[in-house]
Amino acid sequence: LGQDIWERKYRYENETFDEWINRVSGGNSEIANLIKEKKFLFGGRILANRGLENKGRKISLSNCYVIEPPEDNIESIFDCAKKLARTYSYGGGCGVDISKLSPRGAKVNNAAKETTGSVSFMDLYSMVTGLIGQSGRRVALMLSLSCEHPDLEEFIGIKSDLDRVTKANISIRITDKFMAAVKNKTPFTLSFTRLETGETITKEIDAYETFHKMCEMNWDYAEPGMLFWDRINNWNLLSCDDEFEYAGTNPCAEEPLPAGGSCLLGSFNLAEFACDTGFDFESFKHCVKSSVIALNEVLDEGLPLHPLKEQRESVYDWRQIGLGIFGLADLLIKLGIKYGSPEAIDLCDMIGHTMADMAIKTSAVLAKECGVYPKYKPEAVEQSAFYSKNALGETKELVESFGLRNSQLLTIAPTGSLSTMIGVSGGIEPIFANYYTRKTESLKGHDEYYKVYTPIVKEYMDKHELKDDSELPDYFVTAQTLDYKNRIYMQSIWQSHIDASISSTVNVPNDFTVEQVEGLYMTAWDAGLKGVTIFRDGCKRAGIL
């Protein structure tokens, strides 16, 4: 399977493995070695596309973009569709927020007399997403809407029609004010003012009832996800920069970005840093340093390759990179630590803090050599709560002296293809299951079923000569058996060290209740998460990604 992913997604024509390593590392020997050692991998677009612009290909090195939100007029709405099509054709996934579009029934000065509403244009953007192919890779789109928009209830329910908006993930931008109203079971006002006509449309809703409908939809259809927008705005290096504003998130929600924003991804395979004494912090620090440097090299190479002018300008101004992790569940199993336990949370706290401090430090050293990102404001960065928590003394001295090369440094992506290619767990997730059942049509004329064990499980069972997974120790936790609160607390500790966000789908068993879904989202908000969604085993909708 790993070989198949490499050949189908990342290999160019008939290049050898060494030729591929040389191409994607850009001649950086340190990064080439880290890739060979399975300690670090760039995001998929870099692994597939780096260097191919020299062969006449129109490609991007970025996995994710946020398109400027459409304004409330027909020209802007269709301009947005055009920008989506162009970005997809280069290999990038997109996010679009539709909160600026008028709600259903608003007066318009054309033949229609009133608008069909913001939600109606989701079908347009979904259709565009389905039309543009990416050589074997499905295009990805995120559509989001503010929880204060009068079309909120229609947005929540749109995916109950399995034939609508089939090519997009959807999420709601949830405010603390809304969640407080849910908690206190008080009314909440939805409001939209149409600038062209001066008309204001308001609706008063029962906040808890609306939240309950969101949770029912999640239970039944696995969407919409929730983006805790105040946390997104307040926990990053730019939280005190008045000039900066997030416009939306990328398709998997790990990258909140400004209008036209883009981010380059790279991830550490934590499983390869397990050693006899626990976690190899020194080797990890070296890897973080090398990876920040390498992603900045890719950023400079990729700057002229972005499909749209607004993207080239945004990337030039803000220089976002997104370093993250995968293989966390495998690391914990190797160390005999139970996922979600206090010991696991303490270890993740140390790893996360080390990663954040080292990334900020390396960005400061790069600023000394190459200059700060153009929109850098020293006082804004130094006042941010994220910076205060994560930068240690020596790092703060370097930042004060030289500034920062990047406005955004850290994220945790789903890493589905990367982790599967290497045979470890994805992102911050626990292993999904100890095994899956495979069916083959045998030569005897009937179906044969057998267990295929997850690699880390098979490795342990072979080493200890176990006959069945029921004999595994209790630290072999799976998504189906893990208490959701422990899953949320693991994400929370990582989020405290991540300035962007974390792509997070909490997999829950079929018997998980709507009330438990409510508890999960409320716990997530209380724990300071930036975003989360759930996928209940056996629900009505298959996953988009």
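**Exercises on a predicted structure**

The axes of helix α8 (residues 176–184) and helix α9 (residues 207–221) come within 7 Å of each other and cross at roughly 100°. Helices (H or I, at least four residues) and strands (E, at least two) are DSSP runs, numbered from the N terminus, while axes are lines fitted to C-alpha atoms, for helices over the stretch in contact, with angles from 0 to 180 degrees between N-to-C directions.

This is a predicted model, in which local features need pLDDT of at least 70 and side-chain atom pairs count only at pLDDT 80 or more, whereas totals for chains, interfaces and linings use all residues. Residues are numbered from 1 along each chain as its sequence is written, and side-chain values use heavy atoms, with hydrogens and water left out.

**Exercise 1. Charged pairs**

Task: Find how many salt bridges the rule gives, and work through the pair of arginine 164 and aspartate 123 and the pair of aspartate 241 and lysine 377.

Solution: Side chains of opposite charge can pair when their charged atoms come close. A salt bridge is a side-chain nitrogen of Lys or Arg within 4 Å of a carboxyl oxygen of Asp or Glu, and by this rule the count comes to 29 salt bridges.

In one of them, the closest N and O atoms of arginine 164 and aspartate 123 are 2.4 Å apart. Arginine 164 lies in the loop between α7 (152–157) and β5 (169–174), and aspartate 123 in helix α6 (residues 122–131), so the pair ties together parts that are 41 residues apart in sequence. Both partners are partly exposed, arginine 164 with a relative accessible area of 26% and aspartate 123 with 27%; buried means under 20% relative accessible area, exposed over 50%, and partly exposed in between (1.4 Å probe, protein chains only).

Now take aspartate 241 and lysine 377, whose closest N and O atoms are 3.1 Å apart. Aspartate 241 lies in the loop between α10 (229–234) and β9 (248–249), and lysine 377 in the loop between α14 (342–370) and α15 (378–383), so this pair ties together parts that are 136 residues apart in sequence. Aspartate 241 is buried at 4%, whereas lysine 377 is partly exposed at 24%.

**Exercise 2. Cysteines**

Task: State how many disulfides a search of the whole structure finds, and examine cysteine 539.

Solution: A disulfide is a covalent bond between the sulfur atoms of two cysteines, and the criterion is a pair of cysteine sulfur atoms within 2.5 Å. A search of the whole structure finds zero disulfides. For cysteine 539, the closest cysteine sulfur is that of cysteine 215, at 14 Å, which is too far for a bond. Cysteine 539 is buried, with 13% relative accessibility.

**Exercise 3. Backbone details**

Task: Describe the peptide bond from glutamate 223 to proline 224, and the phi of alanine 253 and of arginine 319.

Solution: Keep in mind that most residues other than glycine have a negative phi, and most peptide bonds are trans. The bond from glutamate 223 to proline 224 is cis, with omega near 0°, and proline 224 sits in the loop between α9 and β8 (225–228). Alanine 253, although not a glycine, has a positive phi of about 70°; alanine 253 belongs to the loop between β9 and β10 (256–257) and is buried at 13% relative accessibility. Arginine 319, also not a glycine, has a positive phi of about 50°, is placed in the loop between α12 (309–318) and β14 (320–326), and is buried at 4%.
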